[in-house]
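Subject: Handover of a structure and findings

Dear colleague,

Please find below the structure that I am handing over to you. My findings follow it, arranged by region.

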Amino acid sequence: MTYRVVHWGTGNVGRHALAGIIDDPRLELVGVKVSGSAKEGRDAGELAGSATRTGILATTDAAALLAAKPDCVVYTAMTDNRLVEALADLRTILTAGVNIVASAPVFLQYPWQVLPPDMLAPIEDAAAAGGASLFVNGIDPGFANDLLPLALAGTCRRVDRIRCMEILDYATYDNSAVMFDIMGFGKPLDETPMLLQPGVLSLAWGSVVRQLAAGLGVELDAVTETHERIPAPEDIEIAAGTVAAGTTAAMRFEVRGMVGDRVVTVLEHITRTRADLAPDWPRPAQEGGSYRVEITGEPNYAMDLCLSSDNGDHNHAGLVATAMRVVNAVPAVVAAAPGIRTTLDLPLITGPGRAD
């Protein structure tokens with residue numbers, strides 16, 4: 001079966017997702033939605049960084065794309081700084097009866113007890129009205145902290161705690177809005193960025209610790225959060241700009257799922273803008289960064305996931321992995337029951353193998 005797909009958003013993740021759609025024999029690209037005139041009218045192949053021309057030209061006309069009744073929208077638009085608009089996009093698509101796989105908003109990975117009812121109910125109502133399903137995933141939140149740890153837990157006699165860690169050098173991550181405006185790198189330590197405002201970490205990654213708990217059959221009593229930052233010892237040049245001496249250059253945070261006073265599930269990020277910063281914090285398993293899963297129980301596990309690519313570094317590989325996690329989910333999500341679907345609902349998702 002071939003699935004008719006509209007691609008929505010062609011930024012850092014989106015261009016990789018678009019390339020994946022074009023290459024996948026299971027998928028037929030029938031439209032590309034862009035946000036502005038600079039990309040309107042350009043061929044999908046060009047937007048994906050390919051020399052191949054598809055004949056599919058990008059448009060800003062979302063209504064026309066949905067009127068064509070695609071099977072699925074691959075939604076990779078930026079959401080962190082346009083959350084209201086993104087949620088409106090998702091409701092519109094679902095109400096039109098079109099399934100969605102998306103890389104964000106990340107709290108929709110597993111939104112129950114994470115989102116307030118007045119934000120969650122309209123999305124669930126739209127899915128019910130349109131008879132469509134929505135799956136939000138990637139690498140983190142995503143398979144590095146849902147599929148992988150739960151697969152390991154399936155070999156345990158007892159699980160006391162699951163800790164999922166992202167340990168990355170973000171120096172090559174070229175997105176100034178995320179790095180400076182949202183995460184607060186290059187900002188004074190006494191200035192609280194969007195990411196570290198009270199409750200934001202638990203909103204963004206509470207889905208991780210709650211889904212892990214659900215997968216273990218554990219009901220959490222609370223979700224807590226903690227963070228720390230260190231300053232740059234001198235000016236540091238990164239892909240997104242300059243981190244000035246004395247401003248935030250490394251960050252560490254945890255979101256913890258609690259049963260009483262016991263920590264059961266943990267999402268931890270250790271983010272540096274230069275490898276030698278915060279030498280006492282956990283180090284990655286490879287240069288640049290890695291993902292780590294630690295299970296305390298019987299037996300104990302420690303697993304490192306190291307990403308690389310022939311076409312770029314670990315950050316490039318992570319963008320591709322995020323994109324392809326959702327692109328490869330299209331067949332399963334189209335077949336799924338209407339509603340918000342999670343890794344706990346869907347069958348195993350794999351990529352298409354090469355026959356040549």
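In the largest nonpolar core, which has 80 residues, the members that touch the most others are V32, V74, L195 and W205. Please note that this is a predicted model. Apart from that core lies another, of 28 residues, which includes L94, A126, A132 and V136. As a general point, nonpolar side chains in soluble globular proteins tend to be buried together.

Leaving out residues up to four places away in sequence, W205 touches D140, P141, L195, F253, V255, L267 and H269.

Aromatic pairs

The structure holds four aromatic pairs, and I describe two of them here. In one, the ring centres of W8 and Y75 are 5.7 Å apart and the ring planes stand at 45°; since stacked pairs need an angle under 30 degrees and edge-to-face pairs one over 60, the pair of W8 and Y75 is tilted. This pair links distant parts of the chain, with W8 in strand 1 (residues 3–8) and Y75 in strand 3 (residues 72–75), 67 residues apart. Both W8 and Y75 are buried.

The other pair is that of W205 and F253, whose ring centres are 5.0 Å apart and whose planes are at 45°, so this pair is tilted as well. Because W205 lies in helix 8 (residues 200–216) and F253 in strand 10 (residues 248–259), the pair ties together parts that are 48 residues apart in sequence. W205 and F253 are both buried.

Helix 4 (residues 83–95) has 13 residues, and the distance from its first C-alpha to its last is 18 Å, close to the 18 Å expected at 1.5 Å a residue. Which residues of helix 4 are buried? They are A86, L87, D89, L90, I93 and L94. These residues cover an arc of only 150° around the axis, and therefore they sit on the same side of helix 4. Just after helix 4, G97 adopts a positive phi of about 85°.

In helix 1 (residues 14–23), the buried residues are G14, H16, A17, L18, G20 and I21. Among the elements covering them are strand 1, strand 2, helix 2, strand 3 and helix 9 (314–327).

Individual residues

H7 is located in strand 1. With a relative accessibility of 0%, H7 counts as buried. A polar atom of the H7 side chain lies 2.6 Å from the backbone oxygen of G9. Setting aside neighbours within four places in sequence, H7 is in contact with G14, A17, L18, I21, L29, G31, V32, K33, V74 and T76. G14, A17, L18 and I21 are among the buried residues of helix 1, and V32 and V74 are among the residues named above for touching the most other members of the largest nonpolar core.

Is S35 buried or exposed? S35 is exposed, with a relative accessible area of 78%. This residue belongs to the loop between strand 2 (27–33) and helix 2 (44–47). S35 and D61 are 26 residues apart in sequence, and their C-alpha atoms are 9.2 Å apart in space.

T265 is found in strand 11 (residues 262–272), and it is buried, with a relative accessible area of 0%. Neighbours within four places in sequence aside, T265 is in contact with I162, V209, L212, A213, L216, L220, V255, R256 and G257. For V209, the backbone oxygen lies 3.1 Å from a polar atom of the T265 side chain. The C-alpha atoms of T265 and N311, which are 46 residues apart along the chain, are separated by 34 Å.

Finally, T248 is found in strand 10. At 0% relative accessibility, T248 counts as buried. Not counting residues up to four places away in sequence, T248 touches G184, F185, G186, K187, P188, L189, R229, I230 and V243.

With kind regards

Technical notes. Residues are numbered from 1 along each chain as its sequence is written. This is a predicted model: local features need pLDDT of at least 70, side-chain atom pairs count only at pLDDT 80 or more; totals for chains, interfaces and linings use all residues. Side-chain values use heavy atoms; hydrogens and water are left out. Rings of Phe, Tyr and Trp (its six-membered ring) pair if their centres lie within 6.5 Å; planes under 30 degrees apart count as stacked, over 60 as edge-to-face and the rest as tilted. Helices (H or I, at least four residues) and strands (E, at least two) are DSSP runs, numbered from the N terminus. Buried means under 20% relative accessible area, exposed over 50%, partly exposed in between (1.4 Å probe, protein chains only). The expected span of a helix is 1.5 Å times one less than its number of residues. The arc is that of the directions from the helix axis to the C-beta atoms. A nonpolar core is a set of buried Ala, Val, Leu, Ile, Met, Phe, Trp, Tyr and Cys residues joined through side-chain atoms within 4.5 Å. Contact means heavy atoms within 4.5 Å. A polar contact is a pair of N or O atoms within 3.5 Å; within protein, one must be able to donate a hydrogen and the other to accept it, and residues adjacent in sequence count only if both atoms are side-chain atoms.
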